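Hi,

Here is the structure I promised to pass on. Have a look at it first, and my notes follow below.

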Amino acid sequence: MVQAAGGGSDEPLYCAEQIRVPPELPDILKNYTKHVIRSQPDDLLAASAEYFGKLAKQRAPAGQRLSKMQLESFYDQCSRRDKDHLTRADIDAACEAASIPAAHITDALTLGGWATDHIPWLDFWALLAASAAG
C-alpha cells in the first residue's frame, strides 16, 4: 500500500495531490539515469547502491552553505583566465583558493553532468551560487 505524504498515515492514496515529491528528486533521478546510461553496469542493483552511497557521502552537511566571498573569489579567479571552459584541475584549483569544500564541487559537477575535462566554468559557478541560495 502506498502511503500519503508524511509516511505516518495508513490511509491509501486516492489522488496525485496526496503525494509530496521532494523538489530535489527530479534532478537526482535525471543524474542517476545519465550515470546508468553512460556506465552500462552489468549489475544494476550493485551499481545503484554504489552510486547512491557515494552521492550520500558527497553531500555537504545541511546548513553548510557557500558565502558570497567564496563565490566572488571563485568567479574572479576563473574570469581572469579569459576562457569559457576550464579543465577539472583548473576548477579544483580555483575552488581550493576560494576555500570551497569538495562536497560542493562534486555536487555541482554531478548536477551539471560534466563527465569530460571541458567544464563551462560560468555554468559551474551558477550551480555553486544556486546551492548557496539553498
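Let me start with a spot in a loop: Asp82 sits between α3 and β1 (85–86). Bear in mind that this is a predicted model. Asp82 has a positive phi of about 55°, although it is not a glycine. With a relative accessibility of 72%, Asp82 counts as exposed. Gln40 is another non-glycine residue with a positive phi, in this case about 45°. You'll find Gln40 in the loop between α1 and α2, and at 57% relative accessibility it counts as exposed. As background, most residues other than glycine have a negative phi.

Now the overall layout. The protein chain has six helices and two strands, and from the N terminus on they run α-α-α-β-α-α-β-α. Of the 134 residues, 26% are buried. The accessible surface comes to about 8,900 Å², with 56% of that belonging to carbon and sulfur atoms. If you count contacts with a separation of 6 or more, 59% of them are between residues 24 or more positions apart.

On to the inside. The largest nonpolar core has 18 residues, and those with the most contacts inside it are Phe74, Ile91, Cys95, Ile100, Phe124 and Leu128. Helices α3 (68–79), α4 (88–97), α5 and α6 each supply at least two residues of this core. Which helix gives the largest share? That is α6, with four residues. Phe124 itself is buried, with a relative accessible area of 0%. In general, nonpolar side chains in soluble globular proteins tend to be buried together.

Next, the aromatics. I get seven aromatic pairs in total. One of them is Tyr32 with Tyr51: the ring centres are 5.5 Å apart and the planes are at 55°, so the pair is tilted. Tyr32 lies in helix α1 (residues 25–39) and Tyr51 in helix α2 (residues 44–58), so this pair ties together parts that are 19 residues apart in sequence.

Trp114 lies in the loop between α5 (102–112) and β2 (119–120), while Phe124 is in helix α6 (residues 121–133), so the pair ties together parts that are 10 residues apart in sequence.

Together with Ile19, Val21, Leu25 and Leu29, Phe52 makes a nonpolar surface patch of about 410 Å². Leu29 is found in helix α1 and is partly exposed, with a relative accessible area of 40%.

Last, the charged side chains. How many salt bridges are there? The count comes to three:

- Lys68 with Glu72: the closest N and O atoms are 3.9 Å apart. The two are four residues apart in helix α3, so about one helical turn separates them. Lys68 is exposed at 63% relative accessible area, whereas Glu72 counts as partly exposed at 41%.
- Asp92 with Arg88: here the closest N and O atoms are 2.9 Å apart. Being four residues apart in helix α4, these two are also separated by about one helical turn. Asp92 counts as partly exposed at 26% relative accessibility, and so does Arg88 at 34%.
- Asp90 with Arg81: their side chains meet at 3.3 Å, N to O. Arg81 counts as partly exposed at 30% relative accessibility.

That's what I have for now.

Cheers

Conventions: Residues are numbered from 1 along each chain as its sequence is written. This is a predicted model: local features need pLDDT of at least 70, side-chain atom pairs count only at pLDDT 80 or more; totals for chains, interfaces and linings use all residues. Side-chain values use heavy atoms; hydrogens and water are left out. Rings of Phe, Tyr and Trp (its six-membered ring) pair if their centres lie within 6.5 Å; planes under 30 degrees apart count as stacked, over 60 as edge-to-face and the rest as tilted. Buried means under 20% relative accessible area, exposed over 50%, partly exposed in between (1.4 Å probe, protein chains only). Contact means heavy atoms within 4.5 Å. Accessible areas come from the Shrake-Rupley method with a 1.4 Å probe; for residues, only the protein chains shown count as cover. A nonpolar core is a set of buried Ala, Val, Leu, Ile, Met, Phe, Trp, Tyr and Cys residues joined through side-chain atoms within 4.5 Å. Patches are made of residues with over 30% relative accessible area and no salt bridge: like charges are joined within 9 Å, nonpolar side chains (Val, Leu, Ile, Met, Phe, Trp, Tyr) within 5 Å. A salt bridge is a side-chain nitrogen of Lys or Arg within 4 Å of a carboxyl oxygen of Asp or Glu.
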